[in-house]
Amino acid sequence: MKVSSHTIVVEDYPQCGEHLVYSTRTQALVKIDQRVKDAMEALETEGSRSFESEEDLNRLHKMGILVKDEQEEREKLSHFLNQLKYGYDNSTFVATILTTYACNLKCVYCFEESSRENTRLDAEAQKLSVEWLKRRIERLGYKGLLLNFYGGEPLLNTQAIEYIAGEMKPWCESKKIRFGMSLQTNGYLLTPEIVDRLKILGLLRVRISMDGLQETHDKNRPQRGGGGSFETIVKNIVACVDKISISISVAYIKDRIDPIKDLIEFFDGLGILSKLGNFHCSPINPTLGPKGNPEAIQGAACMCNHEDTVMASATRKIKALMESYDLKYEMGMSTNTCSLVRENSGVTIDQHGQIYRCNSLLGHPEFAIGDVRKDTFNETQKMFRDLDVWQQCPTDCTYLPMCSGGCRLMSFVGGHKNFKIPSCKKPYLNEMAPEFIKRDYDRLVANKSKRSTEPAPA
Ligand code: SF4
Ligand code: SF4
């Protein structure tokens, strides 16, 4: 028996002499005492004899923290990566739908801007999208459907939302499939009346993108015809926040998180911070070039050029900020393999009915993986699926199961102009993994104690 290469040990947490062990393959997380940690360390020299308790040894083996030998390690990893590639979770099918590629704002760093066109999902494409969704759900046996309406600005074509949700909701209900939808909007056209109409059709939540306080926001997210958008968006959020869950997306550059802090203080001052959902904070990334010329990468001040220490600094600052306001912040260890390399991950349907696996590739039809007019995916899908870039990584890289070579887009835009090269963030993961694992552990403990204090059902 040996300690798996994909095991991480976080020492002396939650207390001195207690340690957390985590498997990046199985995502098992367990607290061990000093005796078990010493036994794990002595495995190499003493073999399984180092464990006083066979039960401990077997339990850690079952969790993937220990493996019998190199051969078992290789077999388990290969089985796991195969599952990632071809397997799927049939609990919920997630589909993003672009109702239009047009937008009423002209954001300075929008990744769609270089290929912007004033086209919308027309009646025929709406009908074909509905039929394709029904066939896909039936074929793969999904038990739930979550539609995310996106754009351009999705509310420039509310008719498409109402038609598609109006068709899919009753169909799902008749088949006992859970149905819900969300909306990703700039918020400029969001009104209580629209929220009421869409809630009847299954709207669960809305995500609005903002860029900081008025001056910054209006500079970065002006109206297409000129003029700021901040005031109207804030007015709409205030008018709708009691009707629907609204979360805010904020972009930041390097580790300059002031726009996020400013917005949180602003909403706190308005008295609606506690009513808002999560704040989703993401770094501004580089984007592909204009249509037909994706290699003309845009957005030089991009995350992939940032030092890993800058990324780590941003993560820590955001975490501290969220904690100081008692806001939720999603961060932790997870298996987040790039959707491009998964046969059955969610899809994005564009305004022409073309199917993509990654929103960042929208506007570049050469990277579409299919079309709602056909049931099979195309050769591009196979090309992405079979990239297997992880084969270029050392198999004993601790993070291989959760990273498997990193983001394909980042490889392409990160100077290589090639999807086939790993985009490695190992120094960042090395620095942050212990903090992520501690946070996951604290969350598990908190959830467990919450459950134990909840009244038992009558
Ligand atoms: S290419 Fe990157 S952004 Fe796109 S799906 Fe993969 S990991 Fe996500
Ligand atoms: S890209 Fe880097 S961190 Fe990811 S699996 Fe490969 S070597 Fe490991």
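Which residues are exposed on the other side of H4? They are Ala123, Glu124, Arg135, Glu138 and Arg139.

The structure is a predicted model, in which local features need pLDDT of at least 70, side-chain atom pairs count only at pLDDT 80 or more, and totals for chains, interfaces and linings use all residues. Residues are numbered from 1 along each chain as its sequence is written, while chains are lettered from A and ligands numbered from 1 in the order in which they are written. The protein chain has an average pLDDT of 91, where pLDDT is the predictor's confidence in each residue, from 0 to 100. A score of at least 70 is reached by 94% of the residues. Residues 300-305 have a pLDDT below 50. In the model this stretch makes 13 contacts beyond near neighbours in sequence; a contact requires C-beta atoms, placed from the backbone, within 7 Å. Where pLDDT is low, the predicted coordinates should not be read in detail.

Helix H4 spans residues 123-140. Helices (H or I, at least four residues) and strands (E, at least two) are DSSP runs, numbered from the N terminus. The 18 residues of H4 reach 26 Å from the first C-alpha to the last, close to the expected 26 Å. That expected span is 1.5 Å times one less than the number of residues. Ala125, Gln126, Ser129, Trp132, Leu133 and Ile137 are the buried residues of H4. They lie on the same side of H4, because they cover an arc of only 130° around the axis. The arc is that of the directions from the helix axis to the C-beta atoms. An α-helix has 3.6 residues a turn, so residues three or four places apart point the same way. The cover over the buried residues of H4 includes strands S6 (93-98), S7 (144-150) and S12 (347-349), along with helix H5 (158-174). Just after H4, Gly141 adopts a positive phi of about 65°.

Helix H8 (residues 230-240) has Phe230, Ile233, Val234, Asn236, Ile237 and Cys240 as its buried residues. These fall within an arc of 160° seen down the axis, so they line one face of H8. They pack against helix H6, strand S9 (203-210), helix H7 (214-220) and strand S10 (245-252).

Leu190 sits in the loop between strand S8 (178-185) and helix H6 (192-200). Leu190 counts as buried because it has 24 C-beta neighbours inside 10 Å. Its C-alpha atom is separated by 18 Å from that of Asp218, 28 residues apart along the chain.

Lys169 belongs to helix H5. With 19 other C-beta atoms within 10 Å, Lys169 is partly exposed. Beyond four places in sequence, Lys169 contacts Phe179, Leu201 and Gly202. The C-alpha atoms of Lys169 and Phe179 are separated by 6.0 Å, at 10 residues apart along the chain.

A cis peptide bond joins Tyr13 and Pro14, with omega about 5°. Pro14 lies in the loop between strands S2 (7-10) and S3 (18-23). The peptide bond from Gly151 to Gly152 is also cis, with omega near 25°. Gly152 is in the loop between S7 and H5. Gln27, a residue other than glycine, has a positive phi near 65°. Gln27 is in the loop between S3 and strand S4 (29-33), and is partly exposed with 16 C-beta neighbours inside 10 Å. Asp388 has a positive phi near 45°. Asp388 lies in the loop between helix H11 (379-385) and H12.

The residues around ligand 1 are Cys338, Ser339, Leu340, Cys358, Ser360, Cys407, Arg408 and Leu409. A residue is near a molecule if its C-beta atom, placed from the backbone, lies within 6 Å of it. Around ligand 2 there are 13 residues, the closest being Cys393, Cys397, Cys403, Cys424 and Lys426. Helices H12 (400-403) and H14 (426-453) each give two or more residues to this shell.

Technical notes:
Two residues are in contact if their C-beta atoms, placed from the backbone, lie within 7 Å. A residue is buried if 20 or more other C-beta atoms lie within 10 Å of its own, exposed if 12 or fewer, and partly exposed in between; C-beta atoms are placed from the backbone.
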